[in-house]
Each structure stands twice: as structure tokens, then as C-alpha cells.
Amino acid sequence: MASPLRKRFPREMRNNLGKYLGIFLLMSVTIALTSGFLTAAHSISVIIDDIPATYHVEDGRFTTAFEATDAQLDAARDAAEDAGGIDVFANWSIDADCAAESNDGRDCTLRTYVHRTDVDLAAYAEGRVPEAADEVAVDRVFAQNNDVRVGDAVTLNGRSFTVCGIMTAPDNQALFQNNSDFTVNTLTFGVAEVSDAGFAALRAGGQQPAFTYSFTFSNPDLTLAERTDAEKDMVCALADADATVNDLTDAASNQGIGYAADDVSGDSTMWSVLLYIIIAIMAFVFVVLTSGTIEEESAIIGTLLASGYRRRELVAHYLALPCAVGVAAAVVGNVAGFTLMSEPMRNLYYSSYSLPPYYATWSWGVFAKTTVVPVAVLVLITLAGLVRKMRHTPLEFLRHETSKGGVKRGFALPERLGFTARFRLRVFLRNLGNFATLFIGIGFASMLLLFSLAILPTMTHYAENLRSNVVAEHEYTLKAPLELEGTDDERAAWSAVDELANVEGGKLSAAADAADELSRAGDALQAAADALAATPTAEGLAAAQQAQDAAAAAQDRLYERVDHIAADLGKSRDDVVELLQDAADVDADGDNVHPVNTRDNGAAKIAQAEKYAVYTLEYDRGSGNGTESITVYGVAPDSRYWDGIGVGSGRAVFGRGLVDKFGFAEGQTVSLYDKYADEAHDVVFEGDGLTWGSKSDMAVYMSLDDFNRLFGNDAGYFNAYASDQPLDLDARYLASDLTPADMDAIGEQFVGMMDDMIGMLVGLSVFIFLVFMYLLTKSVIDRSARAISYMKVFGYRDREISRLYVRSITLTVVVSLVACQPLIIGGLTAIFRAMLLAYSGNIEIFVPLFAIAEVVAIGFATYLVVALLHVRRIKRVPLALALKVQE
């Protein structure tokens, strides 16, 4: 037979509507937002993980100065045979100037490919593949930010095209115009596809494409080190086959391929930490509400126990409503999160990254974190509270002796205090446990709010620290050592080498062979002439004539080869001969010979520029948190840019951020891994006296000599310049130019990408703060209901009672808001450390005073709303409550 206690459910729900509505809203809104984001993030991660197989993404790419011949590509394939072999695909592109009517005349660049059918296949969101010579498909993010739609007209290099499709390219998920760039460019850079005829039309305009070739390994299980070894062999083979390789990039180093996945993973960690904070807040609320429910229902429970009801029946009864509310909130939250919140969360990434069409993917892990855990916390805490309280006897329940809190009746207050002050103090002391709970609860809610408000300042502060780590106005990274100092003759010689590098290698080899042939023919002619002079005979004369004809033929062949080179360079034969003569002065085979910059920067600029070396290694964070990229610098001991850094004599100086993040102990050996060479390098941390930079500095510094010994380089090796003056460097050798402005751009990118997300976090935090404040302060009013009823019997008006009770709560709230801030900052520091351990870099929490002031102001404003509700609550306390017998 069904328990008659079920008839009390409607009345209990009605009498405690505020409490259960608060629980419902707290859980449903939290579940909706967190499940919405984490479901979207999980779905995007699944989409990204499926991209390589679905869209046949390359394993790497190389770019040659000229179209590679079949023989050169075969040489690259043969070089990779030891790694299982490769497939090579032409992936040419033209960086075309783009103009559209809708982009306000903004200068834009579209990296335009022929529609690709073998590798890096595009995913079309709208429209279709370009077929006609005047059709183009453009990147979705570029189209969105420049208001370009299917059917619009755009011009590429002055030629009109009609947009026939909106697509995404798997090798350009993040729009980096150059792989060395520090930030994505979603406004003025994009990618596009045209038909074969359209690409030919762009080439006919005079612009040569970038001769890029993408490749995929036949063995998908190769390690990165094995792939890197094979790629080095390919470059050597291409060079031996007279191909000039300008660039080689493995997919693991291609920011266009891997950057988006890293960002989604990092943000998921942040939201998971936020969820854990909210679950802790929920647990605290459930503890308070369970205790309040037992005390409020104490007399009824005692009566039911005395009437013969078993304790397990009462536990099941009082557990039923919280469980029902929790399950209902979970259902509503998941439905709202999956249907309503998933799209705006998805748009946070799809507005920045060029990803294939979105489809939602269910995740049991996300469901467990966002739904099962909060509901289980509600049920288990409520159950534990009920079981613990049910240990009391029926008489203790009837006498309301289930709680041992409060103050003894004999506590005397100073007589000099007025009645109002003593009454408020008495309210505070008799509810000391409740107010302590309120203090802790406000601390939790404030932590959540400050967490949301501090993220953006923290990221901005991090970008400012990164800016301070840039020691010069320009930090130039080179592809190979390049000397700034040199004579005019040396510059001319290396200039000739650079100019001849623009000639197809086969033509240079043919010219060299012809020159060797002419030299041999000249030697033969000289020998024949000497023989004829020594012994004049008819046979000798014929031999000399034959040698002269051979030398003339060799000379003609040389001129023919030189003319081919001249046609490529647009120069005369004499100019090419002069180039060849100048280039012959370069001792390219000498030990430790470095190219000389062909542009004279002047003595002043050269004098202030400083050589250094840089390389990236990895450090295992431990506990399955991945690896940290560590930049190793080799600098001069007397450096003007790293002034007083203290390197030399085998000492390694650690960046302060590196030490702060991982807490290295003095004398600890730190193992850094080279993923490209598959080897480890050990450096020793010698204490806090050998640290450098800000708390965002994740580098290791040593002298240039120590650097070269560590990595087995030649004694004079370097690959970078620090300079306060701009240097004119040969583009062929320049890898990147890092300036303080680049760090500012990173900060702006953080703000732009996180602005909408921070708004959601703050909104969620304020809502939870409101509900949390209401539930906790309501428990204080509910426990004082009988005393409020007594005061009404004594003739006190509602307004006077509100001043006595609400102001006591108000004072507690204000003190709590201010006093808990230092504790919150300490807690947030620990949370940020745990949350950001898996992020690259050391992001220390930065809480500006205005953020603390905002927390206090928002908290107090939220409480004022709650206080108005409590004033209404006090008005509704009946006088009859005072007349009820308590025991």
C-alpha cells in the first residue's frame, strides 16, 4: 500500500516553493550552460579529430623555387622509402589581392588554390565547387567577416570572379597567413578555390604560384622523430636533384592544422574547472538546505516517529522532493544545453576558426560531469544529512533539539548598548552557525564571480608579460646563419648566389657541365697548339684545327646554356656571365662559412645588432598533462639586450615563469626533449639567483658557446639577431620578425576571442550568486520565523522587524563580501595553477582592484534584490505561529 505521506508532497512543494525553485534554477541553468559548452567543445573536438581521415590532410609540405620535375619528385619519394614511402601531390597557390563590394575597400589577400581532389579536401558549407573560369569558392570565416555571400562578385588580382561556394580548408583551420605568425588573421586573410581554368587565368596575369607540394606517409604510425628524419632525407634528395627547397613544414608544426584543436582543448579545461567550482557551491547549498529542512520539520518528524513510522520511510519521504527537483532540473538543463546553448557555444569557435560543418556528438563523459555528478551530489548530501539527523529520538525532534548550534540563554550583553543594537547582536549570536555558513557560502559565490571577472585581466596581464619578454624592438629568427658584416665583393658574390638560386637547378647544372666541357676543350686545344709549335706537321695542324672546332662547339653550348639562364632571369648573356664569375668567388664548401647579407645595413645598425641562437625543446609536465614547449636561448655573456643575465661557464639561467610553474628545486636536473631529433638534453637549475625575466618567461638561457656545445653545432653557429633598429635582411634567410607589437596583438586576440565567453561566465556567476544568496539568507529568516511572529504579537510593525532582522543579515553580507576577498584570491591562485597546468606558458592570476570592487558591488546589489524578497517574506509570517505549542 502506498504511503499516506505522499499526500504531503503538494503542500511541502507549495510551502517551500522558493527553496525548490532556487535549487531547480541553480541546477538547470548550470547544467544548460556547462553541458552546452562542453557538448559543443566535445563535438568540435570529434570533428577536428575526424578531419585528417575525412579530408585527407597532408602529413607535411615543401615549397620549391620552381616547379619540381618528375625526376626531382621521384628523388623525394625514393628518399622516404625507408620510412614506408610517401605520396606527393601538387598543392600550388597564388596569394591574390582580393576586393569585394561588401568589405569597405579593405585590402585583403586570398590564398587561392586549384580545387583539390587528392589532398587537403575542402568541406563545403554552402554552394558548390567552382567549375567555370570565373567562379571562386571562399573560406567561410573570411566570407563571414567580410560579408561575402554566394552569388557576390569579387576581384582577384583585378580579375572578376563570382562566388559559387563557401567552404573550409582542412590545412587552414586557423587562418595564419604565415606559419611563423603569432596570431590568426580572420579579417584580411583567407583561402579560396578556383577551377583549373580560373587558376590558369590568374597565372596569365603574370603572378607565379608558390610551388608547394603536400605529401602523406604510407605508414600512419610513424613517430614525429621518424617523420622528421624522412623529411630531412627528402630535402637532401631534392637538393641533390637540383631543386631549390624554400620551405618544409611538418603537419605537427603547421599552425593552420593544429592551432584550433589546442585552443578547444584548453578552453574545455577552463569550463571543467568552472563546473567543479559550481558543484562545490551546490554541495554547500544542499548541506545548508537539508539541515534547514530537518529543523523546520523537526516537530512533524518527531510526531511521525512517535506514531510508528520507520526512519527509512521518513528518509525516503524527505529525499523524494529534492530528487524529483534535481532530476527535473537535469532533464530541463540537458535539453536546453543541447538544443539552445550548444549553438552559441559553437559560434564562439566557428567565428574564429574555419572548421567543417558542425554536427553535435553525444558524450557520456560530458553527461556524467554536467548531470550525473550534480544530481548525485544533491541526492547523496541530502541522504547523508537525513540519515545523520534521523539518529535523534522522537522527543528530541519534538523539542527541536536536533541542532546544538546557537548561544546559551545566559549570555549577557552590555547594558550600555541600546535595545536595537542588542537585539541585532542577539539575532547574530543566536544564528552564529547560520551566519558562518553564510560567510562561507558568500566566499564560494564570490570566488565564482571573481573567477569570471579575473580571466580577462589575467590574460591581458599575461600578454603584457609576454611583451616585456621581448628584449629588443626586433628579434629576427633566421633559417640559417647570415652575416651582417662583409665587404662589397662578398656582398656581390653572395648576391650572385642568391640571384642564381632563382634559376631552375637543372639549368645551372647544365651550364656548369658546359663550362667544364669548354675547359677541357680549351686544354685540348692548348695541347694541340703546343704540339704543332714544337713539330709542325700536317697531322698536327689537322689535330689543332679539330681541337679548335671542338672548343668552339663547347663554347656555343655554354652560351646556349647561359642564354637559358638569362631568359629565366631577364638578363643579358654578359650579365649572367658576370653573375657566374661573382658566384664562383664564394667558398661554399669551406668549414663554418656563413652567407653574407646582400644588403648593407650600415655600420651603426650592424654595431647595435647582436647574434644569438634559439631552439625549442619540450618538458614533460607529468601526470598526463602533456608537454611544455621550452625555448632555449644561446646569448652573449656580455649581452646588451639580456643585460646582466649571468650566462657562461656552463651555467643555465631559467625563466622565472618556468621556475614558478614547475617549482624546480636548486640543483635539480631538468630533462628537455628534442622531438625532432628524438633525444634528451639535461640542464641543471642552480637556484633562484639564476632566474630571468617575468613570470611568463618559459625559456632557458645559456651562453652561445654552451648552446652550440649542447646541440653539437659548429662553434660559430647562430640563427637570430636582436636589434633595436630594423634590419634589411635577405628574405630567403628570414624566418620571422618578433616585435613588441606582435605581443600586443596576442593580447587583442585573447580579448577578442574570449569576450563573448567571459560575458556568459559573468552572467552565469551573477545568476548563481543571486540564487545562492537567496537560498542561504532565506534559511536564516525561516529559522527565525517564530521569533518574528512573537514580535508581531508584541506590536512591532513589519518595517521595524525588517530593520532588526534584514539589517543584521545585511551587515553580515557586507562584512563577508569584504573579508573573504583575500581568501578567495588565495583559492583562485591554487585553482588557476591546477587549471592552467595543461596550457602552454605560465599564466599567473592577476586580480586588479577594480575586479575586487566589482565583486563586492555586484554581490551587494544582488543582495539588495534578495533583501526585498525577504521583506515580503517577513510580512507573510503569521501571528498564529507564536501561539502554536512547541513541545
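Contact here means heavy atoms within 4.5 Å. The structure is a predicted model, in which local features need pLDDT of at least 70, side-chain atom pairs count only at pLDDT 80 or more, and totals for chains, interfaces and linings use all residues. Residues are numbered from 1 along each chain as its sequence is written, and side-chain values use heavy atoms, with hydrogens and water left out.

F286 touches I23, M27, P374, V377, L378 and I381, residues up to four places away in sequence not being counted. A second, separate core of 41 residues includes A68, V88, W92 and I94. A nonpolar core is a set of buried Ala, Val, Leu, Ile, Met, Phe, Trp, Tyr and Cys residues joined through side-chain atoms within 4.5 Å. Buried means under 20% relative accessible area, exposed over 50%, and partly exposed in between (1.4 Å probe, protein chains only). The largest nonpolar core has 116 residues. F286, F451 and Y805 have the most contacts inside this core. Helix 7 (residues 255–296) supplies the largest share, 19 residues. Helices (H or I, at least four residues) and strands (E, at least two) are DSSP runs, numbered from the N terminus.

The structure holds four cavities of 30 Å³ or more. A cavity is a set of points, on a 1 Å grid over the protein atoms alone, where a 1.4 Å probe fits but cannot get out; lining residues have an atom within 4 Å of a point. Grid points are joined across faces, edges and corners, and a volume is the space filled by probe spheres set on the points. The largest cavity contains about 120 Å³ of space. Its lining consists of K19, Y20, I23, F286, L289, T290, T293, Y318, P322, L378, T382 and L386. Helix 2 (17–54), helix 7, helix 9 (311–350) and helix 10 (364–389) each give two or more residues to this lining. Helix 7 gives the most, with four residues.

Helix 8 (residues 298–306) has S298, I301, G302, L304 and L305 buried. These residues lie on the same side of helix 8 because they cover an arc of only 165 degrees around the axis. The arc is that of the directions from the helix axis to the C-beta atoms. An α-helix has 3.6 residues a turn, so residues three or four places apart point the same way. G308 follows helix 8 and has a positive phi, near 110 degrees.

Two aspartates also have positive phi. D120 is not a glycine, yet its phi is positive, at about 50 degrees. D120 sits in the loop between strand 4 and strand 5 (123–127). With 0% relative accessibility, D120 counts as buried. D147, likewise not a glycine, has a positive phi of about 55 degrees. The loop between helix 4 (140–145) and strand 7 (153–156) holds D147. D147 is partly exposed, at a relative accessible area of 35%.

Strand 4 (residues 108–114) contains T109. T109 is buried, its relative accessible area being 15%. Contacts of T109 are made with D95, A96, D97, Q177, T188, F189 and G190, again not counting residues up to four places away in sequence. T109 and V191 are 82 residues apart in sequence; their C-alpha atoms are 8.2 Å apart in space.

Polar contacts were examined next. A polar contact is a pair of N or O atoms within 3.5 Å; within protein, one must be able to donate a hydrogen and the other to accept it, and residues adjacent in sequence count only if both atoms are side-chain atoms. R621 lies in the loop between strand 13 (610–620) and strand 14 (627–635). R621 counts as buried, at 11% relative accessibility. The side chains of R621 and E628 are joined by a polar contact of 2.7 Å. H461 belongs to helix 13 (residues 432–469) and is buried, with a relative accessible area of 17%. The H461 side chain makes a polar contact of 3.4 Å with the side chain of E844. H461 touches E844 and F846, not counting residues up to four places away in sequence.

S495 is placed in helix 14 (residues 488–500). S495 is partly exposed, with a relative accessible area of 30%. S495 and L579 are 84 residues apart along the chain, and 8.6 Å separates their C-alpha atoms.

Key:
1 Å grid on protein atoms, 1.4 Å probe; cavity = no way out; pocket = protein on both sides within 12 Å on 5 of 7 lines; lining within 4 Å.
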